[in-house]
Each structure stands twice: as C-alpha cells, then as structure tokens.
Amino acid sequence: MNPLGFFTLAALVVAALAATPATQRTVSSHLTAQDQERFAKVFSEGLKSNDLQSLYYASANVALPAGDVTSTCKRLFTLHGESKLNDFEKNFYLIGARKNFGCKEALPAKVETAVKAALAKDATTAQEIYYNFHSAKLAGLAVDEKVRTTLGKNLQTVLKKDDSLNSLGHAFAVAAELGTAGSFAYDRIEEAFVQADEVDGKMLQFEGGLSITALIVNGGFKLATSLSKPAPITADQAVKFATYFLSRASVQTPKGVSVLLEALKLLASQKTIAPVCVRLAGNGQLLPESPVLSVRVCDLLGKPLSPALAALSTTVVSRTTNDALVSKVNLVPSKDDATLYTYNLKSASPTRGLYRVDVDAAPSYRQQLQVSVLGKVRVSSLEVGVGDTDSAASSVKRQSVTHPSKLATVLNADSQQKVVLKTALVDDASGKPITVHQCFVLLRHQETRQEIIFVAETDSSKAYKFEMDVGARAADFGHKSGLYEVRLIVGDALLSNSFQWHLADLELKFAAGDSQQQQSVDAAASSRKPLPEIVHQFRAPEKRPPRFVSDLFTALCIAPLVILFGLWAKLGVNVKNFPLSLGAIGFHLGLGAILVLFGIFWLRLNMFDTIRYLIPLALFTFICGNRMLRKIARGGSSEK
C-alpha cells in the first residue's frame, strides 16, 4: 500500500470512531417502584372520582374491590346520565367501565341502539369513528366485513377533510382493527411522524402533549403490526420518544398515566428497536476502600431484559488525563438482582477524581456514564498564632495543632494584633498535597453564637493560609469582644470525609468604646426586627387659589350664558318651528342631561363613574338626534 493510501485509510478510521455516538439505543431512566406506587394511587383515586373519563381509565388498569362493585356501578350509570360529553364518547366510557367492573346491570337499550345506529351512518370525525367502533367491540356487537369496509371508506373521507394530528392518531387506531379495509392509513404514518418536534436533540413529541404523542405512537405501531409492516420509526427515534415519555412520569391523571404506560409497554416490546435503560445504580460516588462500579440495565418499565444480555463490558477513562483505568472488562451480573451488574476497580487502584464510564453490550447498546472516585483528606500540619499587625506573617510565633485535637491554651488578640493560620491538606492514600473546593475558617461567639466565615487561600506550596487583622475587621464582628471558637471547614465533592474541626478558642478584644459597642448591638438587634409597613400615599393636592379668584373665574365662565339668555329675551325667541316629536324632545332632553352630568362630574363624580353614566345618555341622544334630523330633512324636501 502506498503512503497516501495508508494515511487516507487511517483518516477514515479516525473519522468513523469520532462519529460513533456516545449512546446507542439506551436511555438514562426508567419507571421506578416509586413511580408504580404513585400510578397505583392515581388509579385508586380515579375509582372514587365523579369524572366519567377518569373512572374508565382507572377501571382499565386496576381491579375494583369486590365490595365496591355495586355502589361503583350505580355511580357509573348516574355519571353517564349527567355527563356533558359527546354521546359517542360518554357511551364508550360507560360500556368500557361497565365491562371492566363486571357490572350486573344491563346496558341501557338506548345506548346500545345509539351505538348500532352510529355504525350504520357516516361519521364526521375520526374521533367519532374511533369511539363508536370500540364501543361496539366492548358491547359485543357484531362488526362484520361489510361494516369494516364501510368504516374504512368513511375514514378515508374524513381524513381528506381533517388530517390533523388528533384525527390521524384516532384513524391509525381504528385502521389497525379494520384489516385490509384500513391498509390505506399506513401511507399516512410517515406524514404524521415527520411532524414530531425535537426538544434539545434528546426528545421527540407532538404538539398537544402526552395524549396526542401517545395516541399517534400507539396507533402507528398497532397499524404497522396488523399489516405485518416494519416499525414506523427508527431505533434513534424510539430512544427520543421513550425519553419524552419517561420525562412525563409525573403525570397525575388516570388518562395520562394509562396512555403513558401503554406507550412505554409498546416501545419496550419492539425487540428490534426497543431502547433499554443503562444507568448507574446509586449516586455514582465510589468509595476509596471499596470502589465497586454498579450499573443497572433494564427495560423502560424497570424490568429485567428478556433474554438477558450475553455480556456487558466497560471502559473507564479518567476525565483529567484521558488515561484508561480499565479497558473492555466484563461486568459481573448480580445473583440477587437480574438488573444489576458490578465490577470492582480495587485492582486498578483508582485515584481521586472524575471518570467517564463507557458501557457496551454488543452489538446494539452503548451508554456513557460519569462516576467520581472519592478520596480521603488528611491534615498534615496546622499552625495558628497571634502577632503584631505590622510584623511579617513568617515572624509570628505559632503553635501546632494535631487533627482532631484542640489547642489547650486560649489565644488572645486585640485590635493591634493579627491572627494567622496555615494548614497543609494531603491525600490520605498518596500523601501528596491536594486542593479542595471549600476551605473556610469560621469564628463563632460562644455566648451569642454569631458567626463570621473567612475563606482560606492557597499559596505556592498548595498550603492553605488565613490572616486576619483584628482592628481592621472589628466592624465585621460588630465590635463584639469575647471568646470565639476557631473552626476549620474542609469540603469537596470528591472527598468522603469532609469535616468541621474546632481547633482552638480565641479571645478577641476590640478597641471600640462602650457607646460604639452599644450602637453596634442595637443596630444588629434592629436589623432582625420587622421593617415598618409600607403604605402607599397619593401625592398631596396642589394649593387651591383664593376664594375671590375662584368666584371671579366662575363668573367669567357663566357670563357668556347670561349674555345669551339676555339677548334672547330682548330679541324674542322664535320656537314656532320647533318640531314637536319624540326625537326632537328626546334629543334636547339628552343634551341637557349630558350637560347636567358634566356639572355633577365637576362637583363630585370621578371619571369612571361619569363614563358609566355618559355612555347610555350619549347613545340615547344620538338616536333621538338622528331621528330629529331625518324628520327636518323630510320636511324641507316636501316644502320644495
């Protein structure tokens, strides 16, 4: 092989490996025992419900106690008579629940007649065909080939008018029962599934939520199975639909739980594309003394796989160095739990850190998990001391304390001094210095239990140090002198022995006077009291003008009206052409009423009350004015 061909082949191999997905036909969750218990509770509550739909879906999933059959059946028939659902839908719920409960009461004749009549006539929606057909089946009515052919033609006609997701879902469910008469619907399956919405590249769902998604998935698979056709979706799509259904495991209604369980059972039964759950058993934290990797493998319902996997291998890689801790080792199946596989990493001597776990079950399943191997921290050394503020930290006399002991003597510090602390933390297994997520120094007043926390910082040698100028920090303590506990807090997500250590007692003396201390105490006390209530206040009104100015302005406003009436009196008012009709009288009365309303608004009403009264007055005045003007127009045209 020439060099160019060799490098080309190598590049193709690398590209193929890079394109290998981290997961294949696997999901990271399944229905748990807690989920099943909650579902049983939802169905139990549904049996007591006064909702006809809830009663039916509960009856389809749990058995009714023998002692409650009579009373529940009586309630069922009462609810049917009171239901405001469509006749075809409430008849379906009645017939189905009656059969599930084993009621001795006969099916009402009008219900049976309605179901027979519905099959003989054309329905207007696929939903109506679905409920009528299944009502007939549950009631034990004969549905011969002629009826199936008629229903198939009716279904085709309906889908030409309405091909929404809801209509297609119900059509698939009916077509699956019609045999060859429903084979036409198979060509519409792809049209339905391409409308699924992808969420975050991890889930597939249909607009309309759980009910519509379950309806289309269940109907599509049933139709394909009845016609001996391939599954309507790929293995990758099955994973995304299963992920969506599992994300809705918190549903709280009998119908929601019922369709969810039906969809998950259906997906789990599709052996060629069914996804399985591969997840960690536990919290993913491996203890240093017993680093046992535990992986749970089950179907979507949390049940063991049948047949069981021939082998389950894993590769554990460090996320820090990308070095493989173990490669292609087989996990050991548990004797007590058919879903549990384990592998003890003790022989590989894992160090503290994060690891990627690649799980493979040839040839179909692949999952990528994350675990953390915990370590133990040990305090190699700790020194604490008190020195002058202006002295170097290295010159401060310090005392060593051994974990978990406490310093025998009490440290004393005033406002002219500083407190220094230095500690070295090492890995208990290797003895090497380590850094942690949290390293705090806590000072707690022994009487008031008030606390203040400082962050210890690392130096070049990875040792943690803390230095506090007592005088500069007086305000943080509220100038509260007294005996304080000194505690070291060490914590990390990768530690199995995080701790809080009371290492010494420290007597602090602040230089603040009695009045300043009392002010600090009072301020601290007042900060814990309820704040005064916030009461909304409107802006104070502007200062009104003097009475003389107000009266003068009012007189000037009224003057034009007085002059108008005076001139009318002098000239004489001619009202002989005033049309004496209901429209004219009503218009002038309405106009006057509006003027009076404006006057009252000025004196006492607010804007909203005025508008409420003004609208009917304005409508009345408009109608009367329109009639008056039409009459005047007719009178003018007749004179001409």
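Modeller: Helices (DSSP runs of H or I, at least four residues) and strands (runs of E, at least two) are numbered from the N terminus. The model is predicted, so local features need pLDDT of at least 70 and side-chain atom pairs pLDDT 80 or more, while totals for chains, interfaces and linings use all residues. Residues are numbered from 1 along each chain as its sequence is written, and side-chain values use heavy atoms, leaving out hydrogens and water.

The part in question is helix H15, residues 547-571, in which Val-562 is placed. Val-562 counts as exposed because its relative accessibility is 54%; exposed means over 50% relative accessible area, buried under 20%, and partly exposed in between (1.4 Å probe, protein chains only). Val-562 belongs to a nonpolar surface patch together with Ile-558, Leu-561, Leu-564, Phe-565, Trp-568 and Val-573. The accessible area of these residues together is about 670 Å², by the Shrake-Rupley method with a 1.4 Å probe, where only the protein chains shown count as cover for residues. Patch residues have over 30% relative accessible area and no salt bridge; like charges are joined within 9 Å, and nonpolar side chains (Val, Leu, Ile, Met, Phe, Trp, Tyr) within 5 Å.

As for the charged side chains, the whole structure holds 26 salt bridges, each being a side-chain nitrogen of Lys or Arg within 4 Å of a carboxyl oxygen of Asp or Glu. One of them pairs Lys-240 with Glu-198 at 2.3 Å, N to O. This pair links distant parts of the chain, since Lys-240 is in helix H12 (residues 235-247) and Glu-198 in strand E2 (residues 197-199), 42 residues apart. Lys-240 is buried because its relative accessibility is 15%, whereas Glu-198, at 47%, is partly exposed.

Another salt bridge joins Asp-492 to Arg-352 (3.4 Å, N to O). Asp-492 lies in the loop between strand E21 (482-491) and strand E22 (499-509), and Arg-352 in the loop between strand E10 (340-344) and strand E11 (353-361), so the pair ties together parts 140 residues apart in sequence. Asp-492 is buried at 12%, and Arg-352 is partly exposed at 24%.

Lys-406 and Asp-505 also meet in a salt bridge, at 2.7 Å, N to O. Because Lys-406 lies in the loop between strand E14 (398-400) and strand E15 (411-414) and Asp-505 in strand E22, parts 99 residues apart in sequence are tied together. Lys-406 is partly exposed at 42%; Asp-505 is buried at 8%.
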